[in-house]
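User: Could you walk me through this model? I would like to begin with helix packing and then move on to other topics.

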Amino acid sequence: MSLPKVDVVIVGCGAAGGVMAKELSTNGMKVVALDRGDFLRTRDVAQLDELRWQTRGELQEPMIKDTQVRWRPDEKTDTIGLPFLMASGIGGSTRHYTTQHWRMLPHHFKQYSENVARYGASAIPVGTGLVDWPMTYEDLAPFYDKVDEEIGISGKAGNINGTIQAGGNPFEGPRSKEYPMPPLLQSTVSRLAKPVLESLGYNPFPGPSSIATENYKGRPACTYCSFCTSYYCFIGSKGSTNVTVLPVGISSGNLEIRPNVRVIKINKDSGGGETTGVSYIDATGKEQEQPASLVILSSYTYENIRLLLYSDINKNGMVGKYFMDHHYPFVWGYFDDTVTNPSTGPWAANVAIDNFNGDNFDHTGLGFIEGGVLEALGGDLQAIAGAGVGSWAVPMPDDTPSFGEGYKQALKKYFRRIASFISQVPSLPYDANYCDLDPVVKDQIGMPVLRITYNAYENEIKACAFMQNKAENILKEMGVAKMKKAGLFTPPTTTHEVGGVRMGTDPTKSVLNKYLQSWELPNLFVVGGAVFPTYFGYNPTHTIEALAYWSADYIKTQCKPGGSLTQYF
Ligand SMILES: Cc1cc2nc3c(=O)[nH]c(=O)nc-3n(C[C@H](O)[C@H](O)[C@H](O)COP(=O)(O)OP(=O)(O)OC[C@H]3O[C@@H](n4cnc5c(N)ncnc54)[C@H](O)[C@@H]3O)c2cc1C
C-alpha cells in the first residue's frame, strides 16, 4: 500500500539517522523515520542483567536474525556466517555502545597526499585505493563542535584555536573551545599507567566520551556503575541518540518515528533518475510503500551496502568497494599484587596516547603507514560477563588451564588484577576488500545476505605488531607479572565496519559527493561510516555524527527557495 508522501524518509534511526531526523524535522521538513527495532524507553531496560544484555546480547538479536553477514578472507575461500553486535532499535547502536568519541586528526583527511609527500609514492602499498577525503579537518570542525554540544561530550581539550592545552591531546586538530563537560574520572589502570607513559616520553590524556560527567541537558551524571558496553544506560548518562537528539526532533511536531518496520528496497522513478521513496515490511508483516521527496539511508554499513545493491543503485559499480575495519592488537597484563578492579567505571574512563596514531611519528623503515590510538583499560568488565564466557570475557594468562580448579584459581587471582592496552589499527582501502550480495545464501524473506571479502595485509599486520610491542613495553614498565597477546587479525565484526559507499570528488570513482549525496540519484543521501574513503585509528561515531550534521546543513541550504539539489551535477 502506498502511504501519503512526506518530505523526507529516513531508513534507520541510530547515530547517523538520529542526527538527520533532528536536524531536518526542526528545520520544518515533514520527516518519517523508519527503524526495524523497538522504541525502548530507559524504564523498559533498566535492569543490570549481564546474561540478558551482555552474554546473550538481546539488544542485538533482531539485527542478527535479519542482517546475516557472510565473510571470507579471499575469493578462493568459502564464506562463514559471522555473529555481530550492532543493535536494532531507535537509537541504533548508540544505545549500547561504549561511548568513546574521537575527532579525526587533520592528517587523516589527507592520508594519500601527506604520506606521499613524507615517504614517497612507493610507501603506498600496491592494490590500495588510498585517497584524500573530499573535505578537510577545518571544514568539518564546526560540525564536530556541534556533536560536542548536542550529543554532549566529556573530555579535556588539547588544542584550542592553535594553543596547546596542558593535560589534553597535543596532537589533536584545533577546536574552538573546551569540551562541554570535564573528562570521566580515570580508572585504576589509567592512573597507574599515566606516570609510566610520561616517563617513557609520551603525552597521556583522558579519552573523550559521550558519557555525561555532570548533569547535562536533562541527562544525569555517570554513577560509574560499569555497565556500559552492550547495555542501555539505565539512568540515561550515555549520549545515545534516543536520549539526545531524537527527543528534540520529536518535540518539533514534524518527526514521526515508526519502529519495528524493516525497509527492503529503495524505489526509483521510471527513468531511474530519482528515488521516489522506500518499501518496507510493517510490524504486521504487510508490505508498505512510503513515498518521499528525499531518502536518507542510515541503516549501518552492512545494510546500507546491501540495500543499495538490492535496489540496483550501482551504475558505476563502486558500491561495496573499499570495505574497511579496525584490527585490535590487545595486550593483557596481570599483576601479582596490585588490585585494578575492572568492574568499576566505564571503558571510556581511560588514559590514551596518540604518539603512534596517523602520521604523528616517523614511519621511515617501519614498513607500514598510519597507526592508531593506544589506550589503557578503563573498566566496564562486569563480574559475570567479563569473567565468564562470550565476547566480552577477558582471557586468563597463557599458562592457565582452560577449565577446572586451575582455571578457577587463576580467575580468582587475576580478574581483579588485570591491566590492558589496546590499539585500533585501521585497514587501508584495498581493491581486494569488498562487499557484494551473496549468490547463494538468502535471509528468511529471500533477500540475499551481504558477503564480505576482507583480509589483513602486510601494512596492518606490521602496524599491529608495532603497537603490541609498544603496549608490552608499557605494561612491563608498569610491573605486571604476566602478559598475553591477541592475534593480529580481527574479523569484520568489530562494530567499526566502514567503507563500501565511498564519498569523493570523482563521480566515476565514488558513490557519493562530499555532501553524502548519491551521484546516481540526487535526492538520495547515505550517512554512516560506509561513506568513509579511508579509515583512521579511532572509534568512528564522532565523525559519523559530524558528517550527518554536515550533510543535513547542505540539504537545509539547498532545499530553500533558490537552492538546488543538483548543483554538483
Ligand atoms: C558494543 C558496541 C560498542 C561500540 N562502541 C563504540 C565507541 O565506543 N565509540 C564509537 O565511536 N563507536 C562505537 N560503536 C560503534 C557505533 O555504535 C557505530 O559506529 C554507530 O552506531 C554507527 O552509526 P549508524 O547510524 O551507521 O548505525 P546504527 O547506530 O547501528 O543505526 C542503524 C539503525 O538502522 C536500523 N536498521 C538497519 N537495517 C534496517 C532496515 N533494513 N530497515 C529499517 N531499519 C534498519 C537499525 O535497527 C539501527 O537502529 C560501538 C558499537 C557497538 C555495537
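**Helix packing, sheet and ligand shell**

Analyst: In this predicted model, helix α5 (residues 137–152) packs on α12 at an angle of about 110 degrees, and the two axes are 8 Å apart. That angle makes α5 roughly perpendicular to α12.

User: Which residues in α5 and α12 meet?

Analyst: From α5 come L140, F143, Y144, K146, V147 and I151, and they meet H542, E545, A546, Y549 and W550 in α12. Sorted by class, the contact of α5 with α12 has eight nonpolar residues, one polar residue and two charged residues.

User: And α6 with α11, at what angle do they pack?

Analyst: Helix α6 and helix α11 (residues 458–478) pack at an angle of about 110 degrees, with axes 9 Å apart, and they are therefore roughly perpendicular to each other. On the α6 side the contact involves L192, A193, V196 and L197, which meet I474, E477 and M478 in α11. The residues of this contact divide into six nonpolar and one charged, with no polar residue.

User: OK, switching to the sheet. What is the strand order?

Analyst: The sheet is open and has six strands in the order β7-β14-β15-β16-β13-β20, with antiparallel pairing. Its edge strands are β7 (205–206) and β20 (482–485), each of which pairs on one side only. Helix α6 (residues 188–199) packs on the sheet, where it touches β14, β15 (374–376) and β16 (418–423), and its direction makes about 35 degrees with that of β14.

User: How many bridges join β7 and β14?

Analyst: Strand β7 pairs with β14 (residues 351–353) in the antiparallel sense over two bridges, and P206 stands opposite V351 in β14.

User: What about β13, how does it pair with β16 and β20?

Analyst: Strand β13 pairs with β16 in the antiparallel sense over four bridges, and with β20 in the antiparallel sense, also over four bridges. The bridge partner of V331 is F421 in β16, while W332 has K484 in β20 as its bridge partner.

User: Now the ligand. Which residues come nearest?

Analyst: There are 40 residues around the ligand, and of these G12, G14, G92, N539 and T541 come nearest. The elements that give two or more residues to this shell are α1 (15–25), β9 (262–268), α8 (300–310) and α12 (541–558). The largest share, three residues, comes from α1.

User: How many of the shell residues are nonpolar, polar and charged?

Analyst: By class, the shell around the ligand has 13 nonpolar residues, 23 polar residues and four charged residues.

User: You listed α8 there. How many of its residues are buried?

Analyst: Nine of the 11 residues of α8 are buried, so this helix is largely enclosed by the rest of the structure. The buried residues are Y300, T301, Y302, E303, N304, I305, R306, L307 and L308.

User: What covers the buried residues of α8?

Analyst: The cover includes β3 (69–72), β9, β11 (287–297), β18 (434–442), β19 (448–453) and β21 (524–526).

User: Last topic, backbone geometry. Where is there a positive phi?

Analyst: For context, most residues other than glycine have a negative phi. Another is Y224, which is not a glycine and has a positive phi near 60 degrees, and Y224 is found in the loop between β7 and α7 (245–251). N260, also not a glycine, has a positive phi of about 60 degrees and lies in the loop between β8 (255–258) and β9.

Technical notes: Residues numbered from 1 in each chain as written. Predicted model: local features only at pLDDT ≥ 70, side-chain atom pairs only at ≥ 80, totals over all residues. Pairing = 2+ DSSP bridges. Contact = placed C-beta atoms within 7 Å. Axes fitted to C-alpha atoms, helices over the stretch in contact; angles between N-to-C directions. Near = placed C-beta within 6 Å. Nonpolar A, V, L, I, M, F, W, Y, C, P; charged D, E, K, R; others polar. Parallel < 35°, antiparallel > 145°, perpendicular 65-115°, else oblique. Buried ≥ 20, exposed ≤ 12 C-beta atoms within 10 Å, placed from the backbone.
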